[in-house]
Amino acid sequence: MKKFCVRCGSEEGDTIYIVDGLCPRCFIEVNKPSIESIKIRYCGKCGAIYCSGKWVAAAESSPADTAKEIILKYLKFSKKIRVADISINLNPYEDTNGKAKIVFDIENKFKFQYELPIQIRWSRATCPSCLRKAGGGYSSIIQIRYVNWGDEIARFVEEVLNVYREYIIDIDEVKNGYNIKLADPHIAKRIADLTRRRWRNTKILESYGDSKKLRDGSRFSRLYISIRILNFKRGDYVVLNGKPYRVVDIDEKGVVISDQDGALHRIDMDELVLKYMKSRIKHSI
Ligand SMILES: [Zn+2]
Ligand SMILES: [Zn+2]
């Protein structure tokens, strides 16, 4: 008996190869990733495209090729099927509702051409080197402050340096913390999110400063993110509402503090975070 496709009934033949009980078309339709649209970030100033965690300048690789590389990354199928060739009509920097003509290779035995509808959305951004030119150096500053120094702080800073090296313009170690100057405010926000996930007790404040008008008429202002990591330890001295206390005990939910007369008070972390942050962020660095 001839093999046939359990989905559409096609029989195996010269042009139909049955894999996992399916003909090539059904196999692709069953296994294809659900891609509604593919978003590509590009720099509105120089045309660089963001691909695999870095910006590729238009001079390094043609925008169409870089876009194709990004689209290919979205087309991850099963192990039995890979994209052998792809052609897409795309205009770099213009949204397209198109079809990608894809030649699939099934188990290295059979090639099959399939048209996959693909929506390509371009999202305008500014690459770090253009930001640097526009902002006179840096567009955002993260001020990280901790209560207690520890390995986890050192590890965190090292990670940030490794991952976002190309966006970091300068890093300064200051008393109880670091000031990190960055070329991209999106990255600054991402780092703030990282701290929030790493330490439950962080207080993060965002503000804008250093506003100025650029030569091309647009406005520029710097994003300031103040991050307080409230990693208290027993014996720490804290000032709440202007009164000094000592941390006596600490757990997931809060701290027990002792006032000057030795009376104990229990404070929830959330409340502590609020009270501890009465101090203003300073824009002077
Ligand atoms: Zn079929
Ligand atoms: Zn650029």
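I started with strand 7 and strand 11 in this predicted model: they run parallel, and I found seven bridges joining them.

Next I looked at strand 10 against strand 11 (residues 219–229). This pair is antiparallel, with 10 bridges. I noted two partners here: Tyr-208 goes with Leu-223 of strand 11, and Leu-205 goes with Ser-226 of strand 11.

The hairpin of strand 10 and strand 11 has five residues between the strands, and in it I picked out Gly-217, with a positive phi near 95 degrees.

I read it as open, five strands, order 8-9-7-11-10, mixed pairing. Strand 8 (168–174) and strand 10 (202–213) are the edges, each pairing on one side only. Ignoring direction, I have neighbouring strands turned by 15 degrees against each other on average.

What packs on this sheet? I found helix 5 (residues 185–198), which touches strand 7 (140–146), strand 9 (177–182), strand 10 and strand 11. Its direction makes about 10 degrees with that of strand 11.

Last, I checked burial along strand 11. Eight of its 11 residues are buried, so I put the strand down as largely enclosed by the rest of the structure.

Notes: Residues are numbered from 1 along each chain as its sequence is written. Chains are lettered from A and ligands numbered from 1 in the order in which they are written. This is a predicted model: local features need pLDDT of at least 70, side-chain atom pairs count only at pLDDT 80 or more; totals for chains, interfaces and linings use all residues. Two strands pair if DSSP finds at least two bridges between them. Helices (H or I, at least four residues) and strands (E, at least two) are DSSP runs, numbered from the N terminus. Axes are lines fitted to C-alpha atoms, for helices over the stretch in contact, and angles run from 0 to 180 degrees between N-to-C directions. Two residues are in contact if their C-beta atoms, placed from the backbone, lie within 7 Å. A residue is buried if 20 or more other C-beta atoms lie within 10 Å of its own, exposed if 12 or fewer, and partly exposed in between; C-beta atoms are placed from the backbone.
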